[in-house]
Amino acid sequence: MYDNTRPDRYFTEEHQAFRQSLRAFVEAEIIPNVEAWETAGRLPRDLYRKAGALGVLGVLYPEDLGGSEGDFFMQVVVGEELSRCGAGGVCASLGSHSIGIPPVVKHGSAALRDTFARPVIAGEKIAALAITEPGGGSDVAALRTTAVRDGDSYVVNGEKTFITSGMQADVITVAVRTDPAARGAAGISFLLVEGDTRGLTRTELTKMGWWASDTAHLAFNDCRVPASHLIGVEGEGFKAAMMNFNDERLFLAVQAYSMAQACYDEALAWAQQRRAFGQTLAGHQVIRHKLVDMAARIDAARTLTYDVIWRRMQKLDPLNVHIARTSMAKVTATDAMKFCADEAVQILGGMGFMRGTVSERVYREVKVMTIGGGTDEVMRNLAASQLGI
Amino acid sequence: MKVLVPVKRVIDYNVKVRVKADGSGVDLANVKMSMNPFDEIAVEEAIRLKEAGKAEEVVAVSIGVKQAQETLRTALAMGADRAILVVAADDVHTDIEPLAVAKILAKIVEEEQPGLVLAGKQAIDNDMNATGQMLSALLGWSQGTFASELGVEGDHAVVTREVDGGLQTIKVKMPAIITVDLRLNEPRYASLPNIMKAKKKPLDEKTAADYGVDVTPRLAIVKTAEPEARAAGEIVPDVDTLVAKLKEKGVV
Ligand SMILES: Cc1cc2nc3c(=O)[nH]c(=O)nc-3n(C[C@H](O)[C@H](O)[C@H](O)COP(=O)(O)OP(=O)(O)OC[C@H]3O[C@@H](n4cnc5c(N)ncnc54)[C@H](O)[C@@H]3O)c2cc1C
Ligand SMILES: Cc1cc2nc3c(=O)[nH]c(=O)nc-3n(C[C@H](O)[C@H](O)[C@H](O)COP(=O)(O)OP(=O)(O)OC[C@H]3O[C@@H](n4cnc5c(N)ncnc54)[C@H](O)[C@@H]3O)c2cc1C
């Protein structure tokens with residue numbers, strides 16, 4: 001595969017300089033600790049601080065909040081390089097700000113941005129996004145958690161589930177129904193709830209994969225939240241949530257093909273070194289072909305994702321086309337991940353079934369990628385409707 | 001005090017070096033290049049001196065091809081304040097010899113008047129280990145080579161040197177040239193905000209001719225060859241066989 005550390009039409013010298021820093025950071029600060037964090041079920045707060053100091057958490061945010069105002073390809077660099085650790089849970093929790101904070105930065109008041117977005121970007125606070133409910137995730141417009149205005153506060157009642165960084169989060173952007181009378185997408189708003197709010201109970205969930213990421217069920221029981229914590233305009237939360245989802249999906253695509261690449265790298269190294277029947281595994285045509293099929297799918301997913309991002313930056317397409325292609329990029333990339341994790345475990349043989357290999361872990365992380373941030377089916381539905389099919 | 005740090009663009013230490021077919025050198029076309037790792041340590045030390053309030057300005061210099069400005073951007077992203085690029089070659093395969101580099105550096109030192117020149121002990125491409133020493137001779141300044149610890153106190157620098165027998169501590173009068181060894185520090189990662197800021201920091205471009213230095217090589221490379229490939233090993237079934245084999249080869 002081509003060397004993605006050199007400047008090309010997507011990546012400038014600055015992108016690649018940051019890639020180099022980040023690669024060294026991941027090798028020194030993350031990879032040696034992955035197993036310990038997977039066992040602990042969460043990331044240490046110190047990691048957020050170190051990542052904040054390096055600029056990992058502020059790529060797309062304004063400079064006045066401590067961000068770097070980098071472009072989308074700078075965020076691609078972050079996704080690709082963090083994924084080299086081969087643990088999606090690390091990417092998910094270290095990256096939960098990227099779904100939790102954009103509504104605050106884009107639509108929040110100056111006070112909210114300053115009090116909550118700034119420390120998250122610096123790595124001093126942890127952010128989460130809470131949309132999914134036990135009653136349903138795909139059908140966002142059906143959400144039932146309510147926030148009823150009472151004087152200077154909203155009183156929040158309801159439940160959220162599968163919330164990434166939900167146990168550790170200090171800042172939670174919660175989708176709520178502020179107008180109980182309104183059905184569907186109308187009447188939904190974003191409210192910023194602090195992690196230590198009275199009446200909020202968090203329960204840890206155990207999962208198939210992504211162990212280093214803390215995932216929580218959140219129960220809101222008469223939680224009083226200052227009315228000033230409303231993010232943006234009341235009743236306009238659904239639209240903000242949809243654009244937030246779109247960008248989340250772009251970067252889930254990056255994470256998915258990068259995890260596929262981590263499997264490929266491990267399988268290739270293994271196949272070139274291990275011998276069976278008088279030659280290396282890579283010498284057997286069956287295995288060579290598997291490796292090429294993996295490389296081809298990774299390349300296709302990556303090329304599509306780069307193109308979707310590039311055309312968006314050039315503002316070449318109407319929004320519906322961009323949304324459809326983003327959905328297709330997510331499906332293409334998670335398909336590549338599914339295929340490569342499966343083949344990598346196969347090429348590793350018995351070793352691929354053993355804890356401690358990247359492929360074994362990524363194999364357990366395939367499903368969350370085809371479900372989280374919009375399921376495969378929902379992605380196809382969305383692409384079909386946006387393309388007028 | 002101003003600190004001057006010369007940095008060299010060299011083949012990245014992760015790259016597997018290939019010798020050119022005609023034996024005239026190693027292939028550098030389309031190969032990843034980076035800052036010489038010892039120079040990274042020197043830049044880091046200079047920035048630490050600045051952070052400790054012992055230096056006011058850090059100036060990075062690179063002498064070579066135009067592409068060396070990438071190396072200078074790296075130094076700026078780490079925290080150097082400004083950079084000077086001296087273009088002295090067009091072809092990426094042209095290596096400027098230590099004496100020519102030292103002569104250009106001597107001129108820059110005259111102009112810039114730094115209190116300290118911090119350089120790598122050698123460049124990992126051809127391991128000359130000469131530039132710092134030559135610069136010291138040309139300027140008549142004191143030198144401390146192979147530094148694994150550095151303290152700046154008033155008009156003196158205390159340098160712990162890694163020598164064959166162990167560690168040697170010397171005190172040198174400033175201004176001085178210090179060349180740094182591997183264990184002096186661990187260079188920082190350039191943060192994204194600093195990478196973005198580096199774009200706006202000044203980078204002056206000069207040529208060797210601006211300093212009146214002739215960079216024509218004085219050394220001729222006779223031949224470059226790959227190290228001999230190691231013969232494949234042999235796996236023996238047990239210790240007795242191993243001992244027998246070793247005896248047979250006459251090594252025990
Ligand atoms: C590890 C993990 C972390 C997560 N982190 C977060 C987070 O931080 N914040 C957050 O808000 N959510 C989070 N989620 C939730 C995630 O976004 C949802 O799981 C996802 O949106 C699907 O919702 P659901 O689980 O309720 O499934 P459902 O919506 O109940 O769907 C079940 C199945 O039905 C299918 N389906 C649904 N509707 C249709 C349809 N119209 N046509 C055809 N098929 C359909 C789906 O594709 C799926 O296969 C996380 C999930 C996981 C597993
Ligand atoms: C949970 C578990 C329990 C086990 N229990 C036992 C047990 O009780 N006793 C025991 O003896 N073993 C046991 N095994 C080992 C198991 O039988 C081996 O893992 C299996 O035979 C594959 O061997 P390998 O892992 O060395 O893979 P390898 O032989 O190294 O094969 C790696 C990959 O290369 C492929 N490959 C190999 N040769 C060729 C070829 N000529 N052409 C094309 N492809 C090729 C393989 O299909 C595979 O995809 C167990 C394994 C596991 C995972």
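**Two ligand sites and a chain interface**

An oxygen atom of ligand 2 sits 2.6 Å from a polar backbone atom of A:Gln346, a polar contact in the sense of a pair of N or O atoms within 3.5 Å (within protein, one must be able to donate a hydrogen and the other to accept it, and residues adjacent in sequence count only if both atoms are side-chain atoms). This is a predicted model, where local features need pLDDT of at least 70, side-chain atom pairs count only at pLDDT 80 or more, and totals for chains, interfaces and linings use all residues. Residues are numbered from 1 along each chain as its sequence is written, chains are lettered from A and ligands numbered from 1 in the order in which they are written, and side-chain values use heavy atoms, with hydrogens and water left out.

Back to ligand 2: A:Arg274 brings a polar side-chain atom to 2.5 Å from an oxygen atom of the ligand, and a backbone N or O atom of A:Gly350 is 2.7 Å from an oxygen atom of ligand 2. On its own, ligand 2 exposes 970 Å², and the protein buries 43% of that (Shrake-Rupley areas with a 1.4 Å probe). Helices α10 (285-313) and α11 (319-348) of chain A are the elements that give two or more residues to its shell; helices (H or I, at least four residues) and strands (E, at least two) are DSSP runs, numbered from the N terminus. The shell counts 13 residues, each with a heavy atom within 4 Å of the ligand. They split into eight nonpolar, four polar and one charged, with Gly counted as polar.

Over at ligand 1, the shell has 17 residues, and A:Thr132, A:Ser138, A:Phe162, A:Thr375 and A:Glu377 come nearest. A polar side-chain atom of A:Glu377 is 2.7 Å from a ligand oxygen.

As for the chains, 20 residues of chain A are in contact with 13 residues of chain B (heavy atoms within 4.5 Å). Together they bury about 1400 Å², 61% of it on carbon and sulfur atoms; buried area is the accessible area (1.4 Å probe) that two parts lose on being put together, summed over both. A:Arg6, A:Glu14 and A:Ser68 supply 32% of what chain A buries against chain B, more than any other three residues.
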